[in-house]
Amino acid sequence: MPVMSLPDAEIWFELHGSGPQVLLCNGSGASIDGTRPMIDRLAERCEVLVHDQRCLGRSSIPDRQPTMADYAADAVALLDHVGWERPAVVGISFGGMVAQELAVTHPDRIARLALLCTSPGGAGGSSYPLHEIAALEPAEQARLQVRLLDGRFDQAWLAEHPADRAVVEMMAARSAGAPSPERLRGHAMQLEARRHHDVWDRLGRIDSPTLVMCGEFDMLAPPENSAAIVSRIAGAMLGRYQGGHLFLYQDSAAFPDLVQFLTD
């Protein structure tokens with residue numbers, strides 16, 4: 001069973017594919033099972049190491065509230081566990097925050113860095129405060145979550161754009177069902193760590209080739225936040241795509257650009 005045992009957590013991980021080594025860090029509430037399509041596609045060209053971050057998926061939920069430093073430390077421990085010295089790192093949304101924390105604390109462990117639909121925190125801008133959504137009525141939660149994905153997403157837009165509607169339905173299916181109280185506790189702990197993310201004053205420590213990618217209509221991690229990240233990392237490149245928080249599925253140019261950067 002692919003599990004890494006830490007003093008306070010059990011971390012489920014998987015390895016897929018062959019090629020350049022890539023550590024993939026998932027987003028808020030996301031698990032390996034929920035991101036199989038992306039993992040499988042990356043694994044066509046790369047060797048992908050992916051884990052359920054603590055509090056999520058098949059990884060354990062610790063008693064103590066984790067910090068962003070804990071999530072970055074888990075990633076380093078996983079690299080040591082599988083014997084990877086310096087892979088490329090891809091971070092999506094919350095995973096992009098983890099990847100930034102990893103990159104500013106252990107820049108020597110990253111060969112290339114790809115940050116997707118994420119934010120630096122602090123004066124550079126934060127992503128939408130997802131921890132506040134839990135207080136809303138269920139119908140309002142659902143409406144807001146869809147609109148945050150892409151500012152254009154309303155009933156009229158989705159009725160006229162079947163590909164975008166399919167993306168929304170995919171996300172809804174991923175979160176279907178009533179999670180257990182323990183899983184709700186884990187998700188809340190992840191969001192609490194996310195709330196305190198701030199690497200703005202430390203981004204200059206990153207010296208690896210860096211690609212920052214964002215969607216023009218993302219309301220969860222606005223594109224201005226990606227531009228802010230690029231402004232603080234020497235030589236970083238910015239890619240802006242037609243889509244929202246899920247631009248990787250919406251803009252056909254996005255995934256090839258990511259793979260080209262990782263395999264260059």
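Here follow questions and answers on the helices, cores and loops of a predicted model.

Residues are numbered from 1 along each chain as its sequence is written, and side-chain values use heavy atoms, with hydrogens and water left out. Because the model is predicted, local features need pLDDT of at least 70 and side-chain atom pairs count only at pLDDT 80 or more, while totals for chains, interfaces and linings use all residues.

Visitor: At what angle do helices α2 and α3 pack?
Guide: Helices (H or I, at least four residues) and strands (E, at least two) are DSSP runs, numbered from the N terminus. Axes are lines fitted to C-alpha atoms, for helices over the stretch in contact, and angles run from 0 to 180 degrees between N-to-C directions. The axes of α2 (residues 68-82) and α3 (residues 94-105) lie 8 Å apart, and the angle is about 75°.

Visitor: Is α2 roughly parallel or roughly perpendicular to α3?
Guide: Angles under 35 degrees count as roughly parallel, over 145 as roughly antiparallel, 65 to 115 as roughly perpendicular and the rest as oblique. The α2 and α3 pair packs at about 75°. Therefore α2 is roughly perpendicular to α3.

Visitor: How many residues of the contact of α2 with α3 are charged?
Guide: Contact means heavy atoms within 4.5 Å. M68, A69, Y71, A72, A75 and V76 of α2 meet F94, M97, V98, E101 and L102 of α3. Ala, Val, Leu, Ile, Met, Phe, Trp, Tyr, Cys and Pro count as nonpolar, Asp, Glu, Lys and Arg as charged, and the others, Gly among them, as polar. The contact has 10 nonpolar residues, no polar ones, and in the charged class 1.

Visitor: What span is expected for α2?
Guide: The expected span of a helix is 1.5 Å times one less than its number of residues. Helix α2 has 15 residues. From first C-alpha to last it reaches 22 Å, close to the expected 21 Å.

Visitor: Which elements do the buried residues of α2 pack against?
Guide: Buried means under 20% relative accessible area, exposed over 50%, partly exposed in between (1.4 Å probe, protein chains only). In α2 the buried residues are M68, D70, Y71, A72, D74, A75, V76, L78 and L79. They pack against β1, β2, β3, β4 (47-51), α3 and α7.

Visitor: How many residues has the largest nonpolar core?
Guide: A nonpolar core is a set of buried Ala, Val, Leu, Ile, Met, Phe, Trp, Tyr and Cys residues joined through side-chain atoms within 4.5 Å. Those with the most contacts inside the largest one are L23, L49, V89, L102, L113, L203 and I206. Elements supplying at least two residues each include α2, α3 and β6 (112-116).

Visitor: Which residues is V104 in contact with, leaving aside neighbours within four places in sequence?
Guide: V104 is found in helix α3. Its relative accessible area is 2%, so V104 is buried. Its contacts are V199, R202, L203, R205 and I206.

Visitor: Where is Q53, and what does Q53 contact beyond four places in sequence?
Guide: Q53 sits in the loop between β4 and α2. At 2% relative accessibility, Q53 counts as buried. Its contacts are C25, N26, S59, Y71, F94, G95 and V98.

Visitor: What is the phi of C117?
Guide: C117 lies in the loop between β6 and α4 (138-149). C117 counts as buried because its relative accessibility is 2%. C117 is not a glycine, although its phi is positive, at about 40°.
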